[in-house]
Each structure stands twice: as structure tokens, then as C-alpha cells.
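Below is a briefing on one protein chain. Keep the sequence and the 3D view open while reading it.

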Amino acid sequence: MEFITSGHAQNEPATTRDFEILMEELETGGETNPISSHSVLERVRRLRNETHNLHSQVIDRLERLGIPAHIILAALSRSKRTGAPLTHELASSDQLDLHAYYRLLASDLGLPFETSVNPKRMMVEVSATHFRPGRTIQVCCRDESGGLILYMAPDLRSENQLLLMFKKNPKMRSRFSICDPQTILSAVEARLALRDVDTAITKLHRTWPHLSAKDTLVPWQAFVFGILAVLLPLSVGIWFWETLFVLHVLAIILFAGSVAIRVAAWRALDTEVPKELKIGLQANYPVYSVMVALHKEAAVVPQLVRSMARLDWPKSRLEVFYVCEADDMETISALSKIRLPTSHRIIFVPAADPRTKPKALNFALERCTGDFVVIYDAEDRPNPGQLKEAWSRFCNEPEEMACLQSPLDISNAQQSWLSQLFAFEYAAHFHGLLPYLGKIGAPLPLGGTSNHFRKSVLVEALGWDPFNVTEDADLGIRLYRLGYKCGVLKLPTLEDAPTKINQWLPQRTRWIKGWMQTYIVHNRDYKNLKKKIGTNNNRIFQILMINFIISPIIYLISIVQIVFFMLNSSENGIFAQIIIYIDLAIFIMGHIGYGLLALACWRRVNGKSPIFIALTLPAYWALASVASWRAVWKLITSPHEWEKTPHQIAFIGKPKSKI
């Protein structure tokens, strides 16, 4: 093309307009003159014939690479069902070496084949999300003389356009090179890594600072908490019994609301255990992005890769990202030792504070090309049909349904007393409380894994808050503030619970600290919150979040107080007796309300009646009280610290979930 050199001195660098013209030429195949309607029909017929011939050439190219005819035919059949290109269908099934294919393509086109692209020479800032699996990937770079070079991994359509353009303008060949897709993608990610990690950390705080937990307390909140910290002890010192009485009345009102919600959830439980869903095959599958954030998880990497490989979704329409901190060499090494499927790859997150899971997920989200996104944890074993169930639900729900939460079932409940209580707790939460909240359209405090999102909504919500250590609960509320809703799926994900106190305590501390962050953040503008999510939903949010935070904080205090006042009731008078009755009422109501829901959900999941577990619940809640006071301290001293929960290979004696 003349424009490549005309208007420039020999060494003058190419301009952005040159790049735009180059892309126009590629899109039109070099035909820029106006054409008549008759010419349009002729061109359509010609393009159809040329595409058919080119498709035959692709098959011939595959045969020259040694791909048997029956494998090509099977891939063609899958391609018609999934909508993925033939070559990508073969590559996703590990039946085609894309490096060898594009090398042969370059030879057929008479173009150079490049095995590397210099990120520093890229001319325009592109995003990895522009690159759909199996479709054309291209980046424009400057060569050493300042001219333009377009590095391409063309699909069938682009290959046809290249041939048309070269036929009309042979000089254009000097401006094109062929690469395999991963070469270009790696160069793009290297170029954008530092920019994207900065975006992952700062985007939410820059855009909606009032919804970010970067600052634990805004000035007015700090002032209010400071006043309370002074007045409450002063009030107790001056009006001891009166202050205790007022606090206990407030507590019984609050916990009565929490018990009422759980009793309503218990009454709303289905009487029959849902049968396993059977979802038929459909055509034109969307691309599904799976993200797993990993940090120091070498022990579970083989199990994790097997679990992801079992997902029942066309491989050509699936991308699985193992998101690792770039300096976590232990986990990266474990992944590198496994021959990952073509649709699986490692994402390297540049080292930067805060070292949190939501920051890593935000970074990886910039690389997701799927229409839907799901998050898993390192130890997760999701039901293989989970993606199909989620897609089916999204197709049948209104656009405002932004997220679907899969239930989390504990597979090592019998391994220890602690894991039994953990499983008991999860049964109530994921099979009782969350389905009820979803049914009545109330905000869902999402679990940290097995969340299925419409990607467009997730991007609109600015992803996760990298400074919130329970980013899941925070995001669930933010989605409701934006006018969206969340629902619950049936097919579960299996996890193993912590079995030792030194594993359980840091995890529970992080959860309670994150709930504190979430409650503080979303109440910074109370009027706006109430307006956005509605009066009833706001009431449910306030009751549940305060219950999640305050209940464990005051649990041990209440027990000590009941025992003390019962032993000294005759000396303390009528106020002490009233407070004892209030404390006992709260204690009994809380256990009965929680127990009804948890026992019913446990029987639905496991088919057993865990009376012994229910009787030991007070001891478990006492441990949660220790974690809650630890969370208060951590919120003050290290609000953004992510206390890592170590994971091990799945417990061998796990029972199978009935759901």
C-alpha cells in the first residue's frame, strides 16, 4: 500500500492514522470504492465461494499436520453445536498444536512466522478481553525503522480478508507477520500487567470512594465511634443498671428480628430433597470464564486441576484461569509440573499490596473474555453440571439477576468435632438462609466461592473491593445497590472444613472483620442505601449484618453475665433479675431459632439427625466469640491483612452430598 511510505520520510515513524487505515484495509480487503447493489450481490457470492474454498484449505492444512479425518469430522460436528471455530475446537481438545498450525498457515500465506512479540513496541493499548477464544488476535507494533507491523493469529474470516488484500496490494505482505495466539496474548499481558494491577487496586476507590473499605472509617464515622467509646463506659460507670437494661432491651429487639428471619427460612424449606438436575445440550454455548485465586496452594494443585477438568462445558467455550501472585513460586511450580489443558492457563499477578484475593480476581477479570464468570477456591470440587445449571438459570431469569450462588457442602464433616459444627453451620446458611433470602428478593451475603456472574454486570459493579477481606458479602450488597439481584443454585460445590483451631480461628477472624468492614462501608450513606435497596431489604440487611457481627462479640460476655448475676441476684435487686431473664430469653431464642433451621437443613443434605452436634453448639459459638474479639483488634491494627486459610487434599472418607 502506498500509504505506508507516502507522506513520510524514510525513517519517520508511522502515525495512529496509518494504523487506522491499515485496519480499514484489512476489514474491507482493500475495496474502498463505492459499489452498486448488483456488485454487493456479486461480492457476497464471491466471498461465499472463497470462504468455502478456504475452509477446504484449512481442512487440507489440518490433514497435512497429521490430524486424522475422523477427528476433523468430529470436531466439525462439535463446532456446529458450540459455535467455536474448527481449529479452536481441535486445540481445546488437545488434538491440535496451534504453534504448528500457525507456522504452516504463515508458510501458506507467504508471511513470516514470529515466535515472540516485543511488548515495548506495541503501538496501541489493547485489553486482553478484546481477544475472544478462537477468533482473530492481532496487535500493531512499530518496527525498528518506525513502520507498522501487524502481528496476527487470524481466524478463517481474517485469513480470507488477508488473501483478498494481498491480491490487490501485494506490498502489504511486508507489514504482516503470523504468530500463534498465546505469543500475542503473552506480549499483551506483559505490556499491561503493571497498569492492570494498579487498576485492580484503585478502580473502586477512585470511582466510588464511599463504597471502598480502603479507609476503615470516614471522618464522621470516626467521630461517632469516638463519642461512643467515651460515653458508653461513662454511662456504665454512672448509671450501671439503667445502661445495662437499655442495652439488653435493644439486644432482644435485634435478636428477635434475626430469629424471626431464620424461623421464616425454616418454614419456607421445601419438604422434598431436590433431585439432581439434568440439563440438555444446547447450541451456541457462550464462553464461560472460571477464575481460581491461589496463594501458597501447591498441596491441592493436582486435585484442583482435576476438578476443573471435570466441569461439563464444551472445552472450546471454556477458559480456566489459575490466578497466582507472581512471587508465589511454590504454587506456580506445582502448576507448571502439570500438563494443563489448552483452555487452562496461569495468570501472574504482579506483587503489590494489598495481598488479597479480591485484588487478584480484579486483575484476572481484565483477562476474561467470557459472557459469564464463576469464582472457585483452591480446595473446591464443584458439581460438574454447575455451569450448565447456572447458564440455564441466567437464560430464564430477567437481566437483573446478576449472580447465582451455588451451595457449599462440607465433605469432611466426620473428620473432627470442629468440622462437624462447620458443616452444620454451612447447611443452615447455604441450604436454608440464602435460598430464603433469594426467594423473597432480599440482599444475599454471598459466599466467597462458587459465585456465577453475568460478566457485564460484574464489570459495571467494578468487581471486588481489594481492601475488603470478605469481598463476597460486600459485592452482594453493592449489586443490590445498583439495581441487581442474586439467586441460589441447586448443584453444590464440595469443600473441606478446617479441622484444627489454629486453622479455623484466623479464617473466622477474617470473616467477622470483613463483615464489620462491609457494614461500616454500606452505612456511610444510610439514606442512599435505604433508597437503593428498599426499606424492607434494608431492614433485613441491618438485622443480619448486626447479628453476624454483634452476636459472637457478646456471646461469651452474656454467658459470664448470666452466671454472675444468677449467683448474686439477691444482692443486686430487681434490675439484675430482669437482665437475667432478658439474657436467658436471648440465649434460648437464638439457639432454638438457629437450631430449627440448621437441623432441618442438615437432614436434607446428609439424611441424619445431628442431635449431638446441636447440643454442642454453645461451645462452637464460644469459639466464634473469641474470633470476634480478635477481629475487632485486627480491624484496628491491620484492617486489610488477609489471614490465609491453609488447604489440604480432600478428606478421603467424605460422604456424598444428596443435593
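Asp143 is partly exposed, with a relative accessibility of 22%; on this scale buried means under 20% relative accessible area, exposed means over 50%, and partly exposed is in between (1.4 Å probe, protein chains only). This is a predicted model, in which local features need pLDDT of at least 70 and side-chain atom pairs count only at pLDDT 80 or more, while totals for chains, interfaces and linings use all residues. Residues are numbered from 1 along each chain as its sequence is written, and side-chain values use heavy atoms, with hydrogens and water left out.

**The chain as a whole**

- The chain has 22 helices and 13 strands. Helices (H or I, at least four residues) and strands (E, at least two) are DSSP runs, numbered from the N terminus.
- Of its 659 residues, 55% count as buried.
- Among contacts between residues at least 6 apart in sequence, 79% join residues at least 24 apart. A contact means heavy atoms within 4.5 Å.

**Salt bridges**

- Side chains of opposite charge can pair when their charged atoms come close. The rule used here for a salt bridge is a side-chain nitrogen of Lys or Arg within 4 Å of a carboxyl oxygen of Asp or Glu.
- By this rule, the count is 25 salt bridges.
- One of them joins the side chains of Arg61 and Asp108, at 2.8 Å from N to O. Arg61 lies in helix H2 (residues 37-64) and Asp108 in helix H5 (residues 98-109), so this pair ties together parts that are 47 residues apart in sequence.
- How accessible are the two partners? Arg61 is buried, at a relative accessible area of 2%, and Asp108 is partly exposed, at 34%.
- Asp108 also forms a salt bridge with Arg64, at 2.7 Å from N to O. Asp108 is in helix H5 and Arg64 in helix H2, so this pair ties together parts that are 44 residues apart in sequence. Arg64 is partly exposed, with 46% relative accessibility.
- Arg175 forms a salt bridge with Asp143, the closest N and O atoms being 3.3 Å apart. Arg175 sits in the loop between helix H6 (156-168) and strand E3 (176-178), and Asp143 in the loop between strand E1 (137-142) and strand E2 (148-153), so the pair ties together parts that are 32 residues apart in sequence. Arg175 is buried, at a relative accessible area of 13%.

**Helices H5 and H6**

- The axes of H5 and H6 come within 12 Å and cross at roughly 20°. Axes are lines fitted to C-alpha atoms, for helices over the stretch in contact, and angles run from 0 to 180 degrees between N-to-C directions.
- That makes H5 roughly parallel to H6, a label used for angles under 35 degrees.
- Tyr101, Leu105 and Leu109 of H5 make the contact with Glu159, Leu162 and Leu163 of H6.
- The crossing of H5 and H6 is right-handed, meaning that the near helix is turned clockwise from the far one by less than a right angle.

**A three-stranded sheet**

- Strands of a sheet pair through backbone hydrogen bonds, either parallel or antiparallel. Two strands count as paired if DSSP finds at least two bridges between them.
- Three strands form an open sheet in the order E8-E13-E10, with mixed pairing. Strand E8 (381-382) and strand E10 (408-410) stand at the edges with a single partner strand each, so one side of each has no neighbour in the sheet.
- E8 pairs with strand E13 (residues 493-495) in the antiparallel sense over two bridges. Thr493 in E13 is the bridge partner of Pro382.
- Helix H14 (residues 417-439) lies across E10 and E13 and runs at about 160° to E10.

**Backbone details in loops**

- A cis peptide bond joins Asp353 and Pro354, with omega about 5°. Pro354 is in the loop between strand E6 (344-349) and helix H12 (357-365).
- Lys296 is not a glycine, yet has a positive phi of about 55°. Lys296 is in the loop between strand E4 (288-294) and helix H10 (301-309), and counts as exposed at 58% relative accessibility.
- Leu462, also a residue other than glycine, has a positive phi near 65°. Leu462 is in the loop between helix H15 (455-460) and helix H16 (471-481).
- Is Leu462 buried or exposed? Leu462 counts as buried, at 12% relative accessibility.

Notes:
Angles under 35 degrees count as roughly parallel, over 145 as roughly antiparallel, 65 to 115 as roughly perpendicular and the rest as oblique.
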